[in-house]
Amino acid sequence: MGKALDGVRVLDFTHVQSGPSCTQLLAWFGADVIKVERPGIGDITRSQLRDVPNADSLYFTMMNGNKRSIALDTKHAEGKRVLEDLIRVCDVLVENFAPGVLDRMGFPWERIEALNPKIVVASVKGFGPGPFEDCKVYENVAQCTGGAASTTGFRDGIPLVTGAGIGDSGTGIHLAMGILAALFQRTHSGRGQKVLAPMQDAVLNLCRVKMRDQQRLAHGPLTEYSQYGEGIPFGDAVPRAANDSGGGQPGRILKSKGWESDPNAYIYFITQAQVWPNVCTVIGRPEWAGHPDYATPAARLPRLNEIFGAIEDWTMTRTKFEAMEILNRYDIPCGPILSMKELLDDEALYASRTLVRVEHPVRGSYVTVGNPVKLSDNDVAVERAPLLGEHTDEILSQVLGFSAARVAAIKASGATGEQQLAAE
Ligand code: CAO
């Protein structure tokens, strides 16, 4: 088996989550990812939310597997020279600094392109061009400005952010796709290009069904939203729809056996039109299958509270796993609410290598989420994240071909931070 991105070298100038999630994916597709980090500090997440004293945090290690780390002060004259050499030998540069940082460092697009016209320069920023283009942005800001928060939560509650990293990792996935497209285009254009994935745009893209509903509102109420069945009028913006299904197949989160003490004893149940008679059979209401008040999706819409109440009477008699087993036999779409604890113990996810346990020299073993995308001819084992500057010598000598004397001179200059550390 091969590696999909064998031969692709990525200069990883990313930090925190959005950029690192992108370059980690590229590494899992086989690219050689070289993470450039500030000497002595590194990616700020190395020391954030630490659970093991003096060890790189899970925040860092779960975002930076399969990469090599070079410690390099890119504001130092010698460090800038090394960065120039790295730009010359890399296919892709990925960065998610605040707007203007690369320019201040002396590396605007024009300079990078002059050093290597074939390089793809990929950036995450909070916003695209416009009034907010200079703003710094974190995950929850993106969720709020991309439309996710205004459409998440309960109608009578405040806007909510989701636990899924749609602003950071969601944007990272968008950026990775842009990089792959640019690399493909380069095979016939011979040129690199700029790739930009603004976080607001990525979140909005993920919320496109809500933008769909916003436009549908001009033509009448959103009949699949439970507030329609409850007779509550719609305003001029898409409301928060709690756990209503996003599509035309009504669904809700329902209690299952043990809900009184287990906060995750719930199941998502979808009353898919195609299997309505099966739903009626399972919950013991066979008369609803052909009854004019219940037989069609349109007839059911104003009665969803009553219908889901009856379904919940049944789901509460089963554990979420028992219910899933039965419902699947009847081809009824459903899903147990799985806690992170349950997922961490899920053997099937380890077997598929979506969860992987790796060994780390300082923190011991930890579980990381491996590559969620499976290619039949991409065999890359998930590896631990690098220590800060772990590969500095290797990259200077092997990637850049520097002699031992040149490597020693660079280190003596203080550009890699080792002189400074020795002094401390
Ligand atoms: N050597 C020397 N200096 C380095 C360096 C290196 N190897 N790597 C980074 N730096 C410096 C930069 O030059 C910059 O310094 P200046 O401000 O003096 O130019 C600084 O470190 C990093 O700047 P930053 O503004 O990007 O970092 P921050 O912690 O203040 O902000 C963040 C973080 C995420 C808000 C900001 O980077 C940002 O908005 N990024 C774009 C959007 C994004 O990706 N957000 C998601 C992050 S994950 O939630």
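Select Arg353 to begin: at 42% relative accessibility, this residue counts as partly exposed. The model on the screen is a predicted one. Arg353 sits in the loop that runs between helix H16 (347-351) and strand E10 (355-360). Its phi is positive, about 65 degrees, although Arg353 is not a glycine. Most residues other than glycine have a negative phi.

Next, select Asn66, where phi is again positive, near 60 degrees, in a residue other than glycine. Is Asn66 buried or exposed? At 13% relative accessibility, Asn66 counts as buried, because the limit for that class is under 20%. Its place is the loop between helix H2 (58-61) and strand E3 (67-71).

Now colour the chain by domain. Domain 1 is made of two segments, 9-206 and 344-423, whereas domain 2 covers 241-332. Taken over C-alpha atoms, the centres of domain 1 and domain 2 are separated by 43 Å.

Move to helix H1, residues 18-28. Of its 11 residues, 11 are buried, so the helix is largely enclosed by the rest of the structure. Among these buried residues are Cys22, Leu25, Leu26 and Trp28. Just after H1, select Gly30, which takes a positive phi of about 105 degrees.

The tour turns here to charged pairs. Side chains of opposite charge can pair when their charged atoms come close. How many salt bridges does a search of the whole structure find? The search finds 26.

Select Asp56 and Arg46 together. They form a salt bridge in which the closest N and O atoms are 2.7 Å apart. Asp56 lies in the loop between strand E2 (32-37) and H2, and Arg46 in the loop between E2 and H2, so the pair ties together parts that are 10 residues apart in sequence. Asp56 is buried, and Arg46 is buried as well.

Continue to helix H3 (residues 77-89) and display Arg88 with Asp85. Their side chains meet in a salt bridge, at 2.8 Å from N to O. Because the two residues are three apart in H3, about one helical turn separates them. Residues three or four places apart in an α-helix point the same way, as there are 3.6 residues a turn. Arg88 counts as partly exposed, at 43% relative accessibility.

A further pair to select is Arg303 and Asp293, whose side chains form a salt bridge of 3.7 Å, N to O. Arg303 lies in the loop between helix H12 (297-300) and helix H13 (304-315), and Asp293 in the loop between helix H11 (276-282) and H12, so this pair ties together parts that are 10 residues apart in sequence. Arg303 counts as partly exposed at 26% relative accessibility, and Asp293 likewise counts as partly exposed at 32%.

To see a network of salt bridges, select Arg9, Asp32, Arg68 and Glu394, which are linked in this way.

Then show the surface and pick Arg38, Lys75, Arg104 and Lys136, which form a positive patch.

The last stop is Arg212, placed in helix H9 (residues 208-216). With 33% relative accessibility, Arg212 counts as partly exposed.

Definitions and conventions. Residues numbered from 1 in each chain as written. Predicted model: local features only at pLDDT ≥ 70, side-chain atom pairs only at ≥ 80, totals over all residues. Heavy atoms only, no water. Domains from an automatic or database assignment. Patch = residues over 30% accessible without salt bridge, like charges linked within 9 Å, V, L, I, M, F, W, Y side chains within 5 Å. Areas by Shrake-Rupley, 256 points an atom, 1.4 Å probe, with all protein chains shown as cover. Salt bridge = Lys/Arg side-chain N within 4 Å of Asp/Glu carboxyl O. Lys, Arg positive; Asp, Glu negative; His and termini not counted. Charge placed at Lys NZ, Arg CZ, Asp CG, Glu CD. Helix = DSSP H or I, 4+ residues; strand = E, 2+ residues; numbered from the N terminus. Buried < 20%, exposed > 50% of the residue type's maximum accessible area, 1.4 Å probe, protein only.
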